[in-house]
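Here is a short report for a reader who is new to this structure.

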Amino acid sequence: MTAEALARPAQSHGRLVPVTVHFDDLDALGLLHNARYPVMVERAWTALWAERGLVFEGDWVAAGDFCNAVKELRITYDAPVNRPGAYAVHLWLDRLGTTGLTYGFRFCSADGGTTYAHGTRVLVRLDPATLRPAPWSEMFRTLGRELLRTQD
């Protein structure tokens with residue numbers, strides 16, 4: 001994955017991150033298994049944040065903004081993925097609150113032209129000691145603002 005691919009704007013907002021569908025991601029019908037879509041989206045976010053210097057190294061106290069929990073996941077499957085190969089995940093933030101955020105995503109063709117699934121996910125940043133909501137760091141908020149979808 002190149003820095004250019006991660007930095008390239010996808011459509012008018014967000015980023016298009018390359019992902020690969022492998023043969024073993026397909027179900028018995030030869031379709032990308034429905035549970036694999038959120039995994040691909042998670043891997044794309046991990047790559048995007050790592051490119052910006054944010055990584056989880058196994059310590060929840062030191063994890064900072066990576067100490068978060070999913071509050072909600074919504075996904076709509078638009079068209080079947082029926083072969084392994086190169087695809088992409090289009091990522092953006094719809095909302096960046098004090099302790100939570102909502103991100104949008106599209107699982108799409110490598111060029112972003114065909115959408116196979118789309119959805120949203122709500123995350124809440126947690127304090128590792130209390131597991132109560134905690135504010136995002138200023139560094140995370142600065143990076144996150146770059147991904148905010150503007151209302152047209």
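Helix α3 spans residues 138-145, and its buried residues are Phe-140, Arg-141, Leu-143 and Gly-144. They cover an arc of only 165° around the axis, so they sit on the same side of α3. The arc is taken from the directions that lead from the helix axis to the C-beta atoms. Buried means under 20% relative accessible area, exposed means over 50%, and partly exposed lies in between (1.4 Å probe, protein chains only). Helices (H or I, at least four residues) and strands (E, at least two) are DSSP runs, numbered from the N terminus.

This is a predicted model: local features need pLDDT of at least 70, side-chain atom pairs count only at pLDDT 80 or more, and totals for chains, interfaces and linings use all residues. Residues are numbered from 1 along each chain as its sequence is written, and side-chain values use heavy atoms, with hydrogens and water left out.

What do the buried residues of α3 pack against? Their partners are α2 (36-51), β3 (85-96) and β4 (100-109). Contact here means heavy atoms within 4.5 Å. Helix α3 lies across β3 and β4, and it runs at about 115° to β3. Axes are lines fitted to C-alpha atoms, for helices over the stretch in contact, and angles run from 0 to 180 degrees between N-to-C directions.

**The sheet**

In what order do the 5 strands of the open sheet stand? The order is β1-β3-β4-β5-β2, with antiparallel pairing. Strands β1 (15-21) and β2 (68-77) stand at the edges with a single partner strand each, so one side of each has no neighbour in the sheet. From one strand to the next, the twist averages 25°. Helix α2 packs on this sheet and touches β1, β2, β3, β4 and β5. The direction of α2 makes about 75° with that of β3.

Two strands pair if DSSP finds at least two bridges between them.

| Strands | Bridges | Sense |
|---|---|---|
| β1 and β3 | 7 bridges | antiparallel |
| β3 and β4 | 9 bridges | antiparallel |
| β4 and β5 (residues 115-125) | 9 bridges | antiparallel |

Single residues mark these pairings. Val-19 stands opposite Tyr-87 in β3, and Pro-18 stands opposite Ala-88 in β3. Arg-95 has Thr-102 of β4 as its bridge partner. Strand β1 is mostly covered, with 5 of its 7 residues buried.

**The core**

The largest nonpolar core holds 31 residues. Such a core is a set of buried Ala, Val, Leu, Ile, Met, Phe, Trp, Tyr and Cys residues joined through side-chain atoms within 4.5 Å. Which of its residues touch the most other members? They are Trp-45, Leu-91 and Phe-107. Two or more residues come from each of β1, α2, β3, β4, β5 and α3. Helix α2 gives the largest share, 8 residues.

Leaving out residues up to four places away in sequence, Leu-91 touches Gly-14, Arg-15, Val-17, Val-41, Ala-44, Trp-45, Leu-48, Gly-104 and Phe-105.

His-90 is placed in strand β3. Is His-90 buried or exposed? At 1% relative accessibility, His-90 counts as buried. A polar atom of its side chain lies 2.9 Å from the backbone oxygen of His-13. A polar contact is a pair of N or O atoms within 3.5 Å; within protein, one must be able to donate a hydrogen and the other to accept it, and residues adjacent in sequence count only if both atoms are side-chain atoms.

Ala-69 belongs to strand β2. Its relative accessible area is 31%, so Ala-69 is partly exposed. Not counting residues up to four places away in sequence, Ala-69 touches Val-122, Leu-123, Val-124 and Leu-126. Ala-69 and Pro-133 are 64 residues apart in sequence, yet 9.5 Å apart in space, C-alpha to C-alpha.

Ser-137 sits in the loop between β5 and α3. Ser-137 is partly exposed, at 27% relative accessibility. Its side chain reaches the backbone nitrogen of Phe-140 at 3.1 Å. Ser-137 and Arg-74 are 63 residues apart in sequence and 26 Å apart in space, C-alpha to C-alpha.
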